[in-house]
Amino acid sequence: MKNILILFCFISLISSPIDVYSQNKSLDSLKQLFYNQPINVSSIQICHEIALLERQINADSANHYFKLAIQHAAQKNTDIQVEVIVDYSDYLMSYANQHEKADSIIQIGIRLEKTHSNRPLELLTLYKWKSIANGVMENVEASEKAITDANQLIESNKFTDKELGIYYSDISQFYGIIGKFDLYTSSLLTAIEYYEKIDDVDGISIAYLNLAIKHVDLEQYNKVKDFGEKALDVLQDQNNAFLMGHCNVILMVANSELQFSEQAKSYGETALTIWRKLNNTVQEASILRNLSTLNRKSKNYDIALVEINESIALFQKLNIPEQLLFCWAEKAVIQAERGRQLLSTQALDSFYQIEKSLNITTTDKMSLLKTIEQVHATNENYQEAYIVQQELNILKDSLITSENLAKVEELEAQYFTKEKDAALALQKSKLDQQKTIMWIFGLLLISLLALVFVFWKNVRYRKQVNKRLLELDTAKSRFFTNISHELRTPLTLILAPLSESLKKIENPSIKEELQLAHSNGKKLADLINEILDLSKIEGGKMKLKETPVALEQLLRRILYSYHSFAQMRNFILAFSYHLPQELGVLLDVEKIEKVLNNLLSNAFKHSNPGGVITLRVSSVSYSNSHLNSKNPSMLPVVTPKKMIKIEVQDTGKGIPNQEIAKIFDRFYQIDDSSQPLQGGTGIGLSYAKETSRFMGGDLFVESELGKGSNFIFYLPLKKVKIESIVEDKNEVFEHTIPPTQDYVYRIDTDQKSKILIVEDNPEMSDFLTKILADQYECDTAMDGQIALEKIKKGNFNLIISDVMMPNMDGFELLKELKQLEKQKHIPVILLTARAMEEDKLNALRLGVDDYLTKPFSVPELIARTKNLIQNKAIRDEVAQQPSLDSEPSVSLTFEQQQLKKAETIVFENIGNGQFKVDDLASQMNYSRRQLERIIKKRTGLTPGGLIREIRLQKARQLLESRQFATIAEVRYAVGFDNASHFSKIFQDRFGIKPSMV
């Protein structure tokens, strides 16, 4: 079916609208008159008139009165009986779709007319209806016989121009039915010649319109336009609104297909005015849908939406579900092209609800599937679009198969016809018959093989294309991941020296410049992390780290971080929170912060000073069907019925309509020459969109030029109970911490510890040597293989190694080191650009002592180096001490088991600040002295030091994962009551303050 639906076929069969009230009034009078007089010619004529009036009102009643008129006429008057038969046969074909019954009635009429009156006009009409009835039933032979009889009748009798015009106009229907287009056209042109002789305007315009309609089927729209304009020219000075309406409809179709959109809309609007005056609601609804399509193609979305909504309302009132199906599909396309994905999905839901209850034709379904595919592609639902494309291909294949089967049936029919003729004539030899059969089955076999080959080739091509697309996508993701990893090393060599220089420089102007460089270097690091996160999402390696959090506190903290900037630039910050203040939710805090920081920074960037930035929070009902994802596995198994709705609204310049659908595309930036360059990479909004979908939500935008934009961020509402925490405001961001006693166990020695630095980047190797050489003796190796040889020959206290190196990488070096009996206890710090979670887990499984990702903090590296070397020294010292007789000898495996048990007990009591060494010894059934010896031998730490180490490591993990909104919450969670003490020992252990994590 075409995008623009034509609700008429042969206009010569369409009568003018009927005044139902007047007709019912006339019918009542005629029925009363018919039943109040005896059966005679007059009463038969009244009965005939009743049947004609009942045709369009009550089919059963019309059928009853036609039969009654025929029965009475058979007794009284044959001429009247034939006249009733003519009209009854027309009724059976045009209104009741009973062509076989019509053919039987017509045959009776022909026999009666030939036997009694032999009137040429009645016979011509009966032959005409007989040809049409048999044509519909595909009885071509009977149809052609009726036309031959009609032509002979025309040659031997004189008919008026009006009668011949009607005949040729009606007989064209037969040629249209059997697919003889040339005869169809010539019949209508002949009818026009007769109508022109008597200046029959209606007849001429109807013939031209039928020619135009036929050319629509042939998709010859230039001819459609020509014939439609001729029909309209003929009707210009006439008062036939019904035909004028159809002329404007056909010209709207032609101009639309010829890409003359403005002319098409003009004709459509004229037709709409006519149908409304005629109260023709069906045609009005159809024209509104077509006008909506035209305005959508011209990007007049507001007008298109109004028209399609009016069309839907009318078709719902008329209860025509087939047409509603096309309306909802069109509405889905409009909303998709407007960038309203949620509304587009809602329109598709309405479409699918209706489609379930309908059994539409294959052609219509193919047209609808093309529209649905367009909707999904526009909404970036490429997986759904691909599924619809597959269904469309299956329908196409089935249609081709059906056509081939029809050809086979035609060949078989031809064969059997020839066989019958040959048998009746001369009974040709069996050899000829066998050859014919072999040819036919040979053709069938070739056709079947051809179909199989085409199908196989199509499937193979699709697989190759899909494979190539997958390879390209994988290569692209690998490229971005690798380039991002490679950027980390030079970025470290920028940030780390800058951090060191900032400590030494006292000149304010130089320090300010260095701080600016350091700040922008950190921004570059954040951008690299975003690229890596996008690669993780595409590769299905991203994981959610959901933790309970107080929603209002989290959002206030994020917004508060922009407070100083807003004051400096004269912005107004507004926070509108419409949820319970004590609401606790399950969220991935780190990802939420990244998305909201991106949206807020964009709001500031694209707004003028003095503008208003609003963060609005509420909840809405939402369902899985509204969430779109390129990777369905990213969505949660069960999406809550309630969603958190977070809006970031600004009063900036807004986004042009044509750009809204593209702003979430990766690397896309709005090209607006009227505005100053804004910079950026085009990654931020793409990252925010894909991250929100990964978390089971979505991100949309509404914008109007000159009035600002509103980004709407949906998240699943997963309620959890959280304990109320009295937050010490001074502990949210800790800057100055009074010194306290250092807890680290120190061993004094005059000899410098020896460190092996394994790094393939010469600049990074030199930098590490420079920052460690003051305290330690440093040696270097270019890769793991060289390092392993040096380790076997030397005596190192610590190894600092990169991961990505030629010949032997850091993981392989660590694995080989653990196989060496004498050197396996040397502590190892892996220092690398690889920040993937699986890389960390792999290193920990291999027994790494510490793991730092580039870019790193120099104080943190120095602190970790110092602690690991001191712990090793303690372990070596304890191992050299002789065992006391009172102490049981323990095997290494047993010590490992006891250490694991100690760690488990500490983790179970990690939030208990009163848990001490004596408690640990008691639960392990050891004396304090025995416990200290076991722990020192394996870790170099005292039992108290082990408890602190476990708590500090847990605190760092919680801070990095943003599982709590404040540092105070983290401190309480790991059993530290004193904020100053916690900050001091944390900085001593990791080289940075908790607030810097």
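**Cavities and helix packing**

Colleague: Into which classes do the residues of the lining of the largest cavity divide?

Modeller: This is a predicted model. The lining of the largest cavity divides into seven nonpolar, four polar and two charged residues.

Colleague: How much space lies in the largest cavity?

Modeller: About 140 Å³. Of the 13 lining residues, those closest to the centre of this cavity are Gly339, Gln341, Ile660, Ala661 and Phe664.

Colleague: Which strand gives the largest share of the lining?

Modeller: Strand β6, residues 698-704, gives the largest share, with three residues.

Colleague: And how many cavities of 30 Å³ or more does a search of the whole structure find?

Modeller: The search finds four.

Colleague: Let us move to the helices. At what angle do α7 and α8 pack?

Modeller: Helix α7 (residues 140-156) and helix α8 (residues 161-178) pack at about 160°, and their axes are 12 Å apart. Angles over 145 degrees count as roughly antiparallel, and α7 and α8 are therefore roughly antiparallel to each other. The crossing of α7 past α8 is left-handed.

Colleague: Which residues meet there?

Modeller: On the α7 side they are Val140, Ser143, Glu144, Ile147, Ala150, Asn151 and Ile154; these meet Leu164, Tyr167, Tyr168, Ile171, Phe174, Tyr175 and Ile178 in α8. The contact comprises 11 nonpolar residues, two polar and one charged.

Colleague: What about α2 and α4: roughly parallel or roughly antiparallel?

Modeller: Helix α2 (residues 41-54) and helix α4 (residues 78-94) pack at an angle of about 5°, with axes 11 Å apart. They are therefore roughly parallel to each other. In this contact Val41, Ile44, Gln45, His48 and Leu52 of α2 meet Ile80, Glu83, Val84 and Asp87 of α4. The residues divide into five nonpolar, two polar and two charged.

Colleague: How do the axes of α3 and α4 cross?

Modeller: The axes of α3 (residues 59-76) and α4 come within 8 Å and cross at roughly 160°, and the two helices are therefore roughly antiparallel. Helix α3 passes α4 in a left-handed crossing.

Colleague: Which residues of α4 does α3 meet?

Modeller: Those in α4 are Thr78, Ile80, Gln81, Val84, Ile85, Asp87, Tyr88, Tyr91 and Leu92, and the α3 residues meeting them include Phe66, Ile70 and Lys76. This contact divides into 13 nonpolar, three polar and three charged residues.

Note on methods:
Residues are numbered from 1 along each chain as its sequence is written. This is a predicted model: local features need pLDDT of at least 70, side-chain atom pairs count only at pLDDT 80 or more; totals for chains, interfaces and linings use all residues. Side-chain values use heavy atoms; hydrogens and water are left out. On a 1 Å grid over the protein atoms alone, a cavity is a set of points where a 1.4 Å probe fits but cannot get out, and a pocket is an open set with protein on both sides within 12 Å along at least five of seven lines; lining residues have an atom within 4 Å of a point. Grid points are joined across faces, edges and corners, and a volume is the space filled by probe spheres set on the points. Helices (H or I, at least four residues) and strands (E, at least two) are DSSP runs, numbered from the N terminus. Ala, Val, Leu, Ile, Met, Phe, Trp, Tyr, Cys and Pro count as nonpolar, Asp, Glu, Lys and Arg as charged, and the others, Gly among them, as polar. Axes are lines fitted to C-alpha atoms, for helices over the stretch in contact, and angles run from 0 to 180 degrees between N-to-C directions. Angles under 35 degrees count as roughly parallel, over 145 as roughly antiparallel, 65 to 115 as roughly perpendicular and the rest as oblique. A crossing is left-handed if the near helix is turned anticlockwise from the far one by less than a right angle, and right-handed if clockwise. Contact means heavy atoms within 4.5 Å.
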